[in-house]
Amino acid sequence: MSDRRPAPWLVATVLAVAVTTVVFSLPFVVHWAWPSLDSDVLMLGNFVLGGLLGVGAVIGFLHWKWEL
């Protein structure tokens, strides 16, 4: 079996696209499911979720890249 790993730029791109997709689409889904939610609460929640997902993606990438 081959022990080849994907290129780091490919892994970083996939993680960035996944985080970006969730962060940009989640407000629309939440607003559709809960239309009475205040926009400030939605914006703050999306900001926090984006930060957590972004940090998780960076930590995951570094773990994968450096095999920690």
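Let us start with Asn46, which is buried, with a relative accessible area of 17%. Here buried means under 20% relative accessible area, exposed means over 50%, and partly exposed is in between, using a 1.4 Å probe and protein chains only. Everything you see is a predicted model, in which local features need pLDDT of at least 70, side-chain atom pairs count only at pLDDT 80 or more, and totals for chains, interfaces and linings use all residues. Residues are numbered from 1 along each chain as its sequence is written, and side-chain values use heavy atoms, with hydrogens and water left out.

Where does Asn46 lie? Look in helix 2, residues 39-66; helices are DSSP runs (H or I, at least four residues), numbered from the N terminus. Setting aside residues up to four places away in sequence, Asn46 touches Val23, Leu26 and Pro27, where contact means heavy atoms within 4.5 Å. A polar atom of the Asn46 side chain also lies 3.1 Å from the backbone oxygen of Val23.

Now step back to the pair of helices. Two packed helices are described by the angle between their axes and the distance between the axes. The axes of helix 1 (residues 8-33) and helix 2 come within 10 Å and cross at roughly 165°. These axes are lines fitted to C-alpha atoms over the stretch in contact, and angles run from 0 to 180 degrees between N-to-C directions. Helix 1 and helix 2 are therefore roughly antiparallel to each other, a term for angles over 145 degrees.

Follow helix 2 to Ala57. Is Ala57 buried or exposed? Ala57 is buried, because its relative accessible area is 13%. Leaving out residues up to four places away in sequence, Ala57 touches Leu15 and Val19. The C-alpha atoms of Ala57 and Ala16 are separated by 7.5 Å, although these residues are 41 apart along the chain.

Two more residues complete the tour. Val48, also placed in helix 2, is partly exposed, with a relative accessible area of 45%. Phe28 is found in helix 1 and counts as exposed because its relative accessibility is 65%. From C-alpha to C-alpha, Phe28 and Leu42 are 9.8 Å apart in space and 14 residues apart in sequence.

Conventions: Helices (H or I, at least four residues) and strands (E, at least two) are DSSP runs, numbered from the N terminus. A polar contact is a pair of N or O atoms within 3.5 Å; within protein, one must be able to donate a hydrogen and the other to accept it, and residues adjacent in sequence count only if both atoms are side-chain atoms. Angles under 35 degrees count as roughly parallel, over 145 as roughly antiparallel, 65 to 115 as roughly perpendicular and the rest as oblique.
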